[in-house]
Amino acid sequence: LHLSSSATLAKACTLSLEFALTELWRSVGVEPVAVFGTDLLSEIAAACVAGIFELGDALALATASASATFEAVARQLRFSTPHIPIVSSADARVVVPNDLLMSEATYWIAREKETSSASSDTLLDSLLSGFHADSTVLEIGPDTTVQVDSSRRVALTSSLRCNVPDWKQLLFSASFLYSRGTDIKWAVFDAVPAQQRSARTVSLPTYPFENDRYWPSTSSTPKD
């Protein structure tokens with residue numbers, strides 16, 4: 001892997017960050033059931049998460065984009081079929097396990113030459129077509145890029161956000177996912193020193209809350 005320019009380095013760093021965030025979420029019990037990317041770089045990352053190629057091959061492909069070596073690199077890669085559904089950003093087609101569409105060099109060579117991709121709304125609609133309308137979408141990346149219309153029932157949260165401390169955003173999203181029914185392995189977060197994660201575990205009452213009222217009762221009959 002040769003990083004010959006700052007742009008190439010940025011691509012490698014972004015893809016590595018997205019893959020690392022996915023592995024972090026997996027370590028706390030958040031396993032992706034379907035993925036998509038909104039551009040070529042994030043689509044390569046999504047394909048890597050879906051198992052289409054290994055991280056090293058994904059980095060080689062990403063850093064070769066926008067250069068004359070892209071086709072040669074793509075033809076040298078070893079592809080597998082995805083083990084979870086992935087949405088093609090070319091036409092928003094859902095590529096299911098054992099589908100060969102994105103597991104061939106010709107697909108990526110054509111994608112690199114295309115100047116446009118399906119909109120994030122179209123990709124999101126395709127992603128959710130096989131799931132419940134009130135599904136939860138976790139964005140993986142250095143900031144929020146996907147926007148969800150208020151009319152949708154889908155819930156969206158981000159791994160990281162600009163101008164928000166990393167651990168604060170990660171813990172917020174973990175809490176959000178937990179409130180949506182995800183079984184979070186909180187012990188993984190507890191193992192991180194409190195001064196690094198800017199949060200601490202607190203004990204809640206071990207008995208159920210009771211809705212008893214203790215306001216004094218007043219008589220409706222006036223007294224002399």
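This tour moves from the whole chain to its cores, then to one pair of helices and one serine.

**Stop 1: the whole protein.** Show everything as a cartoon. Remember that this is a predicted model. Look for nine helices and five strands. Follow the chain from the N terminus, and the elements run α-β-α-α-α-β-β-α-α-β-β-α-α-α. The protein has 224 residues, and 37% of them count as buried. Now think about contacts between residues with a separation of 6 or more: 56% of these join residues 24 or more positions apart.

**Stop 2: the largest nonpolar core.** Select Leu15, Ile44, Phe53, Leu61, Ile86 and Trp108, and show their side chains. These residues have the most contacts inside the largest nonpolar core, which has 32 residues. Which helices each supply at least two residues of this core? Colour these five: H1 (6–27), H2 (40–49), H3 (55–64), H4 (70–76) and H5 (105–113). H2 gives the most, with eight residues.

**Stop 3: another core.** Next, select Phe36, Ala92, Leu127 and Val146. They are among the 12 residues of another core, which lies apart from the largest one.

**Stop 4: tryptophan 108.** What does tryptophan 108 touch, leaving out residues up to four places away in sequence? Select Leu40, Glu43, Ile44, Ala47, Phe53, Leu61, Phe70, Phe79 and Met102 to see its partners.

**Stop 5: H1 against H2.** Hide everything but these two helices. Two packed helices are described by the angle between their axes and the distance between the axes. Here the axes of H1 and H2 come within 10 Å and cross at roughly 35 degrees. This crossing is right-handed. Now show the side of H1 that makes the contact: Lys11, Thr14, Leu15, Glu18, Phe19, Thr22 and Arg26.

**Stop 6: serine 42.** Stay on H2 and zoom in on serine 42, which lies in this helix. Is serine 42 buried or exposed? Its relative accessibility is 14%, so serine 42 counts as buried; the cut-off for buried is under 20%. A polar contact of 2.7 Å joins the side chains of serine 42 and aspartate 39. Serine 42 touches both, with residues up to four places away in sequence not counted.

Notes. Residues are numbered from 1 along each chain as its sequence is written. This is a predicted model: local features need pLDDT of at least 70, side-chain atom pairs count only at pLDDT 80 or more; totals for chains, interfaces and linings use all residues. Side-chain values use heavy atoms; hydrogens and water are left out. A nonpolar core is a set of buried Ala, Val, Leu, Ile, Met, Phe, Trp, Tyr and Cys residues joined through side-chain atoms within 4.5 Å. Buried means under 20% relative accessible area, exposed over 50%, partly exposed in between (1.4 Å probe, protein chains only). Helices (H or I, at least four residues) and strands (E, at least two) are DSSP runs, numbered from the N terminus. Contact means heavy atoms within 4.5 Å. Axes are lines fitted to C-alpha atoms, for helices over the stretch in contact, and angles run from 0 to 180 degrees between N-to-C directions. A crossing is left-handed if the near helix is turned anticlockwise from the far one by less than a right angle, and right-handed if clockwise. A polar contact is a pair of N or O atoms within 3.5 Å; within protein, one must be able to donate a hydrogen and the other to accept it, and residues adjacent in sequence count only if both atoms are side-chain atoms.
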